[in-house]
Amino acid sequence: HTVLPLDVVATVGVDDPVPDVIDLLAQELSNQVDQMVCCIARFSKGGSVCSAEPFHFWPAECGHWITVVYPSGIPQDNLISCRRELHRLLLLPDDRPYFRKSNAYAFPDDLASEPYLRNVHVGLRPPSGCEVRLVSGQYKYRHYQQDRMDDNGWGCAYRSLQTIVTWFQLQGYTDCATPSHREIQQMLVDIGDKPSSFVGSRQWIGSQEVGYCLNKLLNVECRTMFVSSGADLPSKSRELLAHFEKHGSPVMIGGGMLAHTIIGIAFDTKTGDTHYLVLDPHYTGAEDLATVQNKGWCGWKGANFWDQNSFYNLCLPQ
């Protein structure tokens with residue numbers, strides 16, 4: 001016997017009559033059974049019957065739920081033709097993934113079981129009167145002392161790199177695991193950037209090393225932006241706006257012995273004032289959203305947040 005793990009989602013109005021809601025759910029269940037039967041028939045081979053599992057997606061371009069049934073145990077690379085057909089049917093662009101398993105919608109119960117907070121900037125109001133661009137999609141907030149790793153004082157750039165990797169994971173660009181500090185160090189040794197003694201050390205890394213690791217791990221190209229001082233960072237505001245508009249990925253910034261992650265920018269085109277939505281990896285507390293937002297560990301920062309006399313390098317994943 002094959003057990004079908006039915007899991008349906010439907011959009012209903014708060015005033016819809018209960019009988020109508022029941023009818024809608026019954027129709028969705030019937031549709032999903034049909035999807036599962038088709039999936040099992042398509043991917044079962046010989047006497048081996050595959051199992052199937054539903055995944056729910058909410059592509060912003062569609063504005064409604066899409067449920068896709070995938071066979072279990074089959075690599076996602078073997079399902080490219082299925083996903084391309086979905087893109088074609090829904091008139092979605094082919095330049096980014098929408099229906100990989102990691103793109104699936106995260107419901108509250110899913111988030112509650114995760115060890116890391118997601119998208120901690122949601123709900124923070126940007127400065128008024130500005131042109132605003134934010135990180136696109138989801139990321140996980142990585143910071144000091146997670147994973148029972150005492151990296152207080154030296155691991156901020158490692159955590160920024162981990163945050164960026166989670167962005168690529170949650171957008172469906174990669175299935176690779178988030179690297180540990182030691183694995184990051186080993187990557188830098190493997191490419192010849194660091195000596196073997198670097199592995200297991202407490203030495204910090206910068207934006208250039210973050211770019212090397214993203215290229216090695218994800219085959220992602222990164223653009224490096226240099227500013228001679230924190231006071232000069234606002235001169236790059238339009239370039240950062242363009243980055244978030246085109247690529248939408250988090251930006252690692254390092255300078256003055258500190259690393260941060262920029263996940264948004266607000267630019268006043270009249271005055272030239274710039275505010276940055278900063279994700280601070282130096283946080284050492286619990287995974288509590290209220291604390292992270294209320295204490296400014298994620299928040300909008302003015303240009304004076306940056307050391308006015310230190311140079312900065314920014315790593316912009318493309």
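Modeller: Buried means under 20% relative accessible area, exposed means over 50%, and partly exposed covers what lies in between. The structure above is a predicted model.

Biologist: Why does Asp175 count as partly exposed?

Modeller: Asp175 has 48% relative accessibility.

Biologist: What makes Arg100 buried rather than exposed?

Modeller: The relative accessible area of Arg100 is 9%. Buried requires a value under 20%, so Arg100 is buried.

Biologist: Why is the pair of Arg100 and Asp175 called a salt bridge?

Modeller: The closest N and O atoms of Asp175 and Arg100 are 2.7 Å apart. The rule asks for a side-chain nitrogen of Lys or Arg within 4 Å of a carboxyl oxygen of Asp or Glu. Arg100 and Asp175 are therefore a salt bridge. In general, side chains of opposite charge can pair when their charged atoms come close.

Biologist: Why is this pair said to tie together separate parts of the chain?

Modeller: Asp175 sits in the loop between helix 4 (156-170) and helix 5 (181-190), while Arg100 sits in the loop between helix 2 (80-89) and helix 3 (108-112). These parts are 75 residues apart in sequence, so the pair ties them together.

Biologist: Which domains make up the chain?

Modeller: The protein chain is divided into domain 1 (18-105) and domain 2 (115-317). Their C-alpha centres lie 33 Å apart.

Biologist: How do you know that domain 1 and domain 2 touch?

Modeller: Seven residues of domain 1 are in contact with eight residues of domain 2. The two domains bury about 560 Å² between them, and 30% of that is on carbon and sulfur atoms. On the domain 1 side, Pro97, Arg100 and Ser102 lose the most area to domain 2, together 59% of what that side buries.

Biologist: How many salt bridges and polar contacts cross this interface?

Modeller: The rule finds one salt bridge between domain 1 and domain 2. For polar contacts it finds six residue pairs. By class, the domain 1 side that touches domain 2 has one nonpolar, three polar and three charged residues.

Biologist: What makes Glu131 and Arg133 a salt bridge?

Modeller: The closest N and O atoms of Glu131 and Arg133 are 3.3 Å apart. The cut-off is 4 Å, so the pair is counted as a salt bridge. Glu131, at 30% relative accessibility, counts as partly exposed. Arg133, with a relative accessible area of 25%, is partly exposed too.

Biologist: How do you know that Glu239 and Arg223 meet in a salt bridge?

Modeller: Their N to O distance is 2.2 Å. That value is set against the limit of 4 Å, and therefore the pair counts. Glu239 belongs to helix 7 (residues 237-246) and Arg223 to strand 4 (residues 222-227), so this pair, 16 residues apart, links distant parts of the chain. Glu239 has 29% relative accessibility and counts as partly exposed. Arg223 has 36% and also counts as partly exposed.

Biologist: What is the secondary structure of the chain, and how much of the chain is buried?

Modeller: The chain has eight helices and nine strands. Of its 318 residues, 44% count as buried.

Conventions
Residues are numbered from 1 along each chain as its sequence is written. This is a predicted model: local features need pLDDT of at least 70, side-chain atom pairs count only at pLDDT 80 or more; totals for chains, interfaces and linings use all residues. Side-chain values use heavy atoms; hydrogens and water are left out. Domain bounds come from an automatic or database domain assignment. Contact means heavy atoms within 4.5 Å. Buried area is the accessible area (1.4 Å probe) that two parts lose on being put together, summed over both. A polar contact is a pair of N or O atoms within 3.5 Å; within protein, one must be able to donate a hydrogen and the other to accept it, and residues adjacent in sequence count only if both atoms are side-chain atoms. Ala, Val, Leu, Ile, Met, Phe, Trp, Tyr, Cys and Pro count as nonpolar, Asp, Glu, Lys and Arg as charged, and the others, Gly among them, as polar. Helices (H or I, at least four residues) and strands (E, at least two) are DSSP runs, numbered from the N terminus. Buried means under 20% relative accessible area, exposed over 50%, partly exposed in between (1.4 Å probe, protein chains only).
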